[in-house]
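Please look through the structure below with its sequence at hand.

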Amino acid sequence: MNRFIVVFGVVLVTLFTVEMLNPVQEHVIVPFTTGLAKLSAALISPFDENVIAYGKILQFQDTGFAVSIEAGCNGVEATIVLIAAVLAFPATWKQRSAAILLGFVAVQVMNIARIISLFYLGDWDLDIFGWVHLYLWPALIMLDVLVVFIFYLRYLSNREEEAHVAAA
């Protein structure tokens, strides 16, 4: 347990530090966030032709309402927490890589749902938007990370059990 806590903390601090570096922000985080805005608009556009994306902004052309996908709203921080947890737990690199990749996808699917729902909520009612944005969705995104990590631990446990049965 102590090893997990130390490795988790070191990886977490390291990845958050790297994420905050200007070159990483400029060449990785901002383009990724721009991609999220474009993907969100692409998913919405078959149902609502009044939506456009430019940079990290998602906007209704008719009402002018827009949201900007900022740091903390792009799923990167949640993914960093997941990566730190996965790397801190003993497993093979193949298992860790698969968990990180699948976890990243799970977090981003949930995050796209978050972005789109907040976009429509904000256009409808800013008070509800504020509450859902600040309280509900952050909890749901971190719950998603926890669920992915629990599934990963369960998978590792089942694999270990199968190995013991095969050895006996």
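Glu19 is found in helix 1, which covers residues 2-20; helices (H or I, at least four residues) and strands (E, at least two) are DSSP runs, numbered from the N terminus. This is a predicted model, in which local features need pLDDT of at least 70 and side-chain atom pairs count only at pLDDT 80 or more, while totals for chains, interfaces and linings use all residues. Residues are numbered from 1 along each chain as its sequence is written, and side-chain values use heavy atoms, with hydrogens and water left out.

Not counting residues up to four places away in sequence, Glu19 touches Val24, Gln25, Ile29, Val76, Glu77 and Ile80; contact means heavy atoms within 4.5 Å.

Three strands form an open sheet in the order 1-2-3, with antiparallel pairing; two strands pair if DSSP finds at least two bridges between them. Strand 1 (51-54) and strand 3 (66-68) stand at the edges with a single partner strand each, so one side of each has no neighbour in the sheet. From one strand to the next, the twist averages 15°; axes are lines fitted to C-alpha atoms, for helices over the stretch in contact, and angles run from 0 to 180 degrees between N-to-C directions. Three antiparallel bridges join strand 2 (residues 57-60) to strand 3, and Gln59 stands opposite Ala66 in strand 3.

Helices pack here too. Helix 4 (residues 93-124) packs on the sheet and touches strand 1, strand 2 and strand 3, its direction making about 45° with that of strand 2. Helix 2 (residues 22-44) lies across strand 1 and strand 2, at about 165° to strand 1.

Phe129 belongs to helix 5 (residues 126-167). Is Phe129 buried or exposed? Phe129 counts as buried because its relative accessibility is 18%. Leaving aside neighbours within four places in sequence, Phe129 is in contact with Val67, Leu118, Leu121 and Gly122.

Key
Buried means under 20% relative accessible area, exposed over 50%, partly exposed in between (1.4 Å probe, protein chains only).
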